[in-house]
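Biologist: Hey, can you walk me through this one? I'd like to start with the core.

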Amino acid sequence: MTLTLSLPSSKPILFSPPYAASPTLQTHYGFRFKPPRAAVQISPTFPQFQSPSQRNTGVIVIGAGLAGLAAAIRLNSENVPFLLLEASDAVGGRVRTDVVDGFLLDRGFQIFITGYPEAQKLLDYQSLNLQKFYSGARVYCDGEFHTVADPLRHFFDSLTTLINPVGTLADKLLIGLTRIRVLSRTDEEILSANEVSTIDLLKKIGFSDSIIGRFFRPFFGGIFFDKELETTSRLFDFIFKCLALGDNALPAKGIAAIPEQLAAKLPSDSILLNSKVASIDFDQSDGSNLPTVRLQNGDVLRSELGVVVAVEEPEADKLLGKPVERKRPARSTVCLYFSADENQIPVRDPVLFLNGSGKGMVNNMFFATNVAPSYGPPGKTLVSVSLIGLFEGVSDGDLTTEVVRELSGWFGDTMVGSWRHLRTYRIGFAQPNQCPPTDLMKNPRFGSGVYVCGDHQTSATFDGALVSGRKAVEALLRDSALVNV
Ligand SMILES: Cc1cc2nc3c(=O)[nH]c(=O)nc-3n(C[C@H](O)[C@H](O)[C@H](O)COP(=O)(O)OP(=O)(O)OC[C@H]3O[C@@H](n4cnc5c(N)ncnc54)[C@H](O)[C@@H]3O)c2cc1C
C-alpha cells in the first residue's frame, strides 16, 4: 500500500522551525519505526523525501494548533511516521503573534498559566523566558482602582485587599477555602465532577454579589469570554487550581513562542503549511478501511495508520460530517492594541486591569510591555485592551473611539488621547461554548481510523488542547497495537 499524490498546485511549504538547533535535524524517515504487531500493514520502506508530492506517511494529522502539535510530538516519540497538514502559513492555530512596528501583537489577549500540568511536561519554560504578571489584579469600580492580591505571593498587598470594597472579608476567606477545595482534587476528578454554571457555583459557595460583579465576572469572564459566567464549574475549578499552582506569564517572544517551541521538536519535513484539507473521504472503493484526505488543491493522501483531526470545532464538524445546527454560540472576543510613549501610562506594574464597574465595553486591559518589555520597541509601551463578544455591528473605527473614550475615564484624556491605535483583532471563534452539560474528557475515537482532538474535546485551554492531542494519538496507537500505551 503506497501513497500516491499528485503535485500540489497551491505550493505547500515546509515549516522551518525558528528554534531549530541546527539544519541537520534528524530526518523524518531516518527514524526507526516499530513494526505493527496487529493487522495494520505499513509500507515496508519509506522513500527518501524529495518533494511533498512524493511523501509517504503513517499517520495524517490535520491542523497544527497546540492539539495537532501535541499529537505529532507523541507520534514522534514512538517513531511513528506522520505528516502534519496545516491550512495557514504558520503553526500555532489560535496561538499566534504578529510583529507590527516593532511590537509583538498576540492574536487576542492570551495568558500562559505555568501551572498547566500537560504544558509542564511538554514545554521548556526556561527557554520561553516567561515574564510574569502580578498575581492579582487592579479593579476599576466607582471611579477608583482597587488592588486584589494573592496573599500567598503578595502578602502585604493582600492586607489592603482585605479592606477594599471589591469584596467582603468573608469573600476573601472563601477564596482561600476554594483554593483548598480545588487543590485537594485531581484534574480528572475536577473535569468529571458534577457541574453547574460558574455563576451558580460562586453563589452556592456564598460569594457576595460585590466580588462576583467586580472581580469574578471580569476576571473569569475574560478567561472564558463569557460575561454571564455560564461556563461550566469544571472549567472554573480547573483554571482556579492551575492559577493556585502557577503564575500568569507571557513568553518574551510572544505567545506564538509556545507552539513554535513544540514545532521545533518535530522533524522539519513533517509539517506542511498552506495545506488545507477539504474533506475526509470514508468511502473506500479499494477495500482499505482507512479514510483518504483530500486537500483543497485536489491532491489526495492516504494514511496507512489513521487520521488525527486537530482542527477547531466548527471545522471538525464539517470535515467529520456532523450536524452543526445543534451548536451553542462560540465564544468571541475583540482585542485592540495601542502604542503609547513610556511616560504616557499610569503604572509600571505588570498588572492586569479589570473593569469591575459593570458598565462599558472594556472587560480588561494591561500594559504588555510592563510584563514583557520585549513586546515593544525601546521607549514605547504596548497597550492591550480586551472586549468580550464580537461587536459585529460596530466598525473598527467606532470601536476604537469608544474604547479611547472609556479608558479616558479611567486614566484621563490627555494620557489616553496620546495613544496611537495599532491594530484590532476580532476573533469570532475564540473558544468553543463550554456551558453545562459538558464532557471535558471526550473519547477521541471517531471510527474508521479517525481520531479527534482539539480544545473542544477537553477543556478550552492551552492545556486541554495539548492533552487532547496526546490522548488521540494514544488511542490510535492502542487500536493499531503499535505500542503499549
Ligand atoms: C484570543 C484568545 C485568547 C485565549 N486565551 C487563552 C488563555 O489565556 N489561556 C488558555 O489556556 N487558552 C486560551 N485560549 C484558548 C486556546 O488558545 C485554545 O484552547 C487552543 O489554542 C486551541 O488549540 P487547538 O489546537 O485545539 O485549536 P486551534 O488552535 O484552533 O488549531 C487548529 C488548527 O487547525 C488548522 N486547520 C483548520 N482547518 C483546517 C483544515 N481544513 N486543514 C488543515 N488545517 C486546518 C487551523 O489553521 C489551526 O492551525 C485563547 C484563545 C483565543 C482565541
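Predicted model: local features only at pLDDT ≥ 70, side-chain atom pairs only at ≥ 80, totals over all residues.

Biologist: Let's pick A71. What does A71 touch, apart from residues up to four places away in sequence?

Modeller: A71 touches V61, V308, A310, C453, G469, A472 and V473. Two of the names on that list, V61 and V308, are also among the core residues with the most contacts.

Biologist: And how much of the whole protein counts as buried?

Modeller: Of the 485 residues, 47% count as buried. The protein comes to 15 helices and 22 strands. If you take contacts between residues at least 6 apart in sequence, 74% of them join residues at least 24 apart.

Biologist: OK, new topic: the ligand. How many residues surround it, and which are the closest?

Modeller: There are 33 residues around the ligand, and the closest are G63, G65, G93, G108 and T461. The elements that give two or more residues to this shell are α1 (66-77), β20 (420-431) and α15 (462-479).

Biologist: Which domains does the shell draw at least three residues from?

Modeller: Domain 1 (13-93 + 257-326 + 441-479) and domain 2 (97-132 + 331-431) each give at least three residues to the shell.

Biologist: Now strands. Is β18 largely enclosed or left open?

Modeller: Strand β18 (residues 362-367) is largely enclosed by the rest of the structure, because 6 of its 6 residues are buried.

Biologist: Which strands does β18 pair with?

Modeller: One is β17 (residues 352-355), which runs antiparallel to β18 and is joined to it by 3 bridges. There, L354 stands opposite N364. Another is β19 (residues 380-388), which pairs with β18 in the antiparallel sense over 5 bridges. On that side, M365 stands opposite V385.

Biologist: What sits between the strands in the hairpin of β17 and β18?

Modeller: There are 6 residues between them, and in this hairpin G358 takes a positive phi near 75°.

Biologist: What about the sheet with β6 in it, what's the order there?

Modeller: The order is β6-β10-β7, an open sheet of 3 strands with antiparallel pairing. β6 (112-113) and β7 (130-132) stand at the edges with a single partner strand each, so one side of each has no neighbour in the sheet. β7 is joined to β10 (residues 248-251) by 3 bridges, and L130 has P251 as its bridge partner in β10.

Biologist: Last one: where is S448?

Modeller: S448 lies in the loop between β21 (445-447) and β22 (450-452).

Technical notes:
Residues numbered from 1 in each chain as written. Near = placed C-beta within 6 Å. Helix = DSSP H or I, 4+ residues; strand = E, 2+ residues; numbered from the N terminus. Domains from an automatic or database assignment. Core = buried A, V, L, I, M, F, W, Y, C linked by C-beta atoms within 7 Å. Buried ≥ 20, exposed ≤ 12 C-beta atoms within 10 Å, placed from the backbone. Contact = placed C-beta atoms within 7 Å. Pairing = 2+ DSSP bridges.
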